[in-house]
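Could you walk me through this protein in my viewer, one selection at a time? I would like to know what to pick next and what is there.

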Amino acid sequence: MSPSPELTAVQRNAVSELLRVSPVADELGRRFAKAGFELHLVGGSVRDALLGRLGDDLDFCTDAHPEDTLKIVKGWAEAIWETGREFGTIGLQRDGLRLEITTYRAESYDGVSRNPQVQYGDNLHDDLVRRDFTVNAMAVSLPGHEFADPFGGLADLAARVIRTPGTPAQSFGDDPLRMLRAARFAAQLRFTVDPAVVTAMEHMAQDLRRITAERIRDEFSKLLLGADPVTGLRLLVDTGLADEFLPELAGLKLEIDEHAQHKDVYEHTLKVVSNAVGFDTADGGPDLVLRLAALLHDIGKPATKAVGGDGGVSFHHHEMVGARMAKSRLKLLKFPKDVISPVVALVGLHLRFYGYGRGEWTDSAVRRYVTDAGDQLTRLHKLTRSDCTTRNKRKAALLAADYDALEVRIARIQEEEDLARVRPDLDGNAIMELLGVPAGPVVGRAWKHLKELRLERGPLSRDEAEAELQRWARTEGLIP
């Protein structure tokens, strides 16, 4: 493939800006040059500089081996870590920047596992050709500032296209996770994936089975946290990649026939995800838990679909089935408990609001809603609002008004009561003293009974709580 055209003045300014805000790079380049080695700023750092979104992490490549790199940076780096040394990478910190320096690579893969047979290369071109995409295969020499773009990454960056330096089959054969990464870049950068790359993703989707669940989880999480996760999700489904680690997503494409009309669950789900993106972006940034809950909230529908005698379709208890399915899938993907637990809770609660508009909710029902949501109440508000995807403007307005009314009601009751910490009006010590019983199951049962009363009736006075405890104890045969 022919090299890209010479840099324009604007492009040169972009690279100069990168180096201006990162004077550490030139200083490091001079140290490597003095030692007789090359150093290049490379990959995502160059791409992000050209996009105007450079962060504090910089990537470099060099012909120096790790032991040489360590000698060069010793005494200059403020901190050094060698966790990637076996793969040729030395990490360090300087002036608030995190730098990773990797020896030129010319590695090969066995085509079965993701274990590379690390072989050091001796030139920049061979290092760049093994990178995932052309937009990540550009480099700037240090301290000379010469721009290298042997595979047309700059043109692809301008066109916002994802292509591979070599053939897509070769790139994905080296590391199948790159297929998922292509979808992630589509979501994160709003780039279009080249048709040849999409075709390779379709043909090689099953190769994703070579990749560990942890690496898939991390890449998928980045996709979900992107500016446009729906585009990435569609690509995963259309290429068959989702079938390899999240088959429930494509499974939402339920058949719709003339006798059993219902909302397109797949399209509805993508719309809910899009709505959730709007809510969390406007409220402090992307929220992985909320977006996962939006993605998984209806995965129980295929398993619970039923067609009645009148041709109507129902999905009874799909929220509970979906909660169990979500828990199982997230565990398989090795998500941590602090992600799994709230996602499962939100999936299980996402239908609770419906019916509120009929005026059937008592203050007790509101208390239970808040108590069951716990610390996920704010997310539940966002998920429930995101779940309204009807095109009927009147219906949408009514649902929004109903939820507005519920939030106002919650706020009113919270002013009167501490709903975030609903507790019985008598604690365990008081229960033991009044009933004359030691710590044990009886105290737990009494505490639970009093909490139910607290949810049902609101705060009780001390006398009322004691009278209710005595009444419960007599019913249970604990006192005459």
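Predicted model: local features only at pLDDT ≥ 70, side-chain atom pairs only at ≥ 80, totals over all residues.

**Stop 1: the largest pocket**

Rolling a probe the size of a water molecule over the atoms shows where empty space is left. Begin by selecting Asp59, Glu100, Arg131, Asp132 and Arg181, the lining residues that lie nearest the centre of the largest pocket. The volume of this pocket is about 1,600 Å³, and 46 residues line it.

Now colour the elements that each supply at least two residues of the lining: the helices α3 (44-51), α8 (177-189) and α10 (213-224), along with the strands β2 (57-62), β4 (89-94) and β5 (97-103). Which of them gives the most to the lining? Helix α8 does, with six residues. If you colour the lining by residue class, you will find 22 charged residues, twelve polar ones and twelve nonpolar ones.

**Stop 2: between two strands**

Stay with β4 and β5, and select Asp95 in the loop between them. Asp95 has a phi near 50°, a positive value in a residue other than glycine. Most residues other than glycine have a negative phi, and most peptide bonds are trans.

**Stop 3**

Pro143 sits in the loop between β8 (139-141) and β9 (147-148).

Then move on to Arg160, in the loop between α6 (153-159) and β10 (161-162). What is the phi of Arg160? The value is near 60°, which is positive in a residue other than glycine.

**Stop 4: helices α14 and α15**

Two packed helices are described by the angle between their axes and the distance between the axes. Select residues 265-281 for α14 and 288-296 for α15; their axes come within 8 Å and cross at roughly 160°. Angles over 145 degrees count as roughly antiparallel, so α14 is roughly antiparallel to α15. The crossing is right-handed.

To see the contact, show the side chains of Thr269, Val272, Val273, Ala276, Val277, Asp280 and Thr281 in α14, which meet Leu290, Arg291, Ala294 and Leu295 in α15. By class, this contact of α14 with α15 has seven nonpolar, two polar and two charged residues.

**Stop 5: helices α17 and α18**

Now select 318-332 for α17 and 337-349 for α18, whose axes come within 8 Å and cross at roughly 160°. That angle makes α17 roughly antiparallel to α18, and α17 passes α18 in a right-handed crossing.

On the α17 side, pick Glu319, Met320, Gly322, Ala323, Ala326, Lys327, Leu330 and Lys331; on the α18 side, pick Ile340, Val343, Val344, Val347 and Gly348. These residues of the contact divide into eight nonpolar, two polar and three charged.

**Stop 6: helices α19 and α23**

For the last stop, select 363-373 for α19 and 441-457 for α23. These helices pack at an angle of about 120°, with their axes 6 Å apart. The angle makes α19 oblique to α23.

Which residues of α19 meet α23? They are Ser364, Arg367, Arg368 and Thr371, and their partners in α23 are Lys451, Glu452, Arg454, Leu455, Glu456 and Arg457.

How values were computed. Residues numbered from 1 in each chain as written. Heavy atoms only, no water. Axes fitted to C-alpha atoms, helices over the stretch in contact; angles between N-to-C directions. Helix = DSSP H or I, 4+ residues; strand = E, 2+ residues; numbered from the N terminus. Parallel < 35°, antiparallel > 145°, perpendicular 65-115°, else oblique. Left-handed = near helix turned anticlockwise from the far one by under 90°. Contact = heavy atoms within 4.5 Å. Nonpolar A, V, L, I, M, F, W, Y, C, P; charged D, E, K, R; others polar. 1 Å grid on protein atoms, 1.4 Å probe; cavity = no way out; pocket = protein on both sides within 12 Å on 5 of 7 lines; lining within 4 Å. Points joined across faces, edges and corners; volume = space filled by probe spheres on them.
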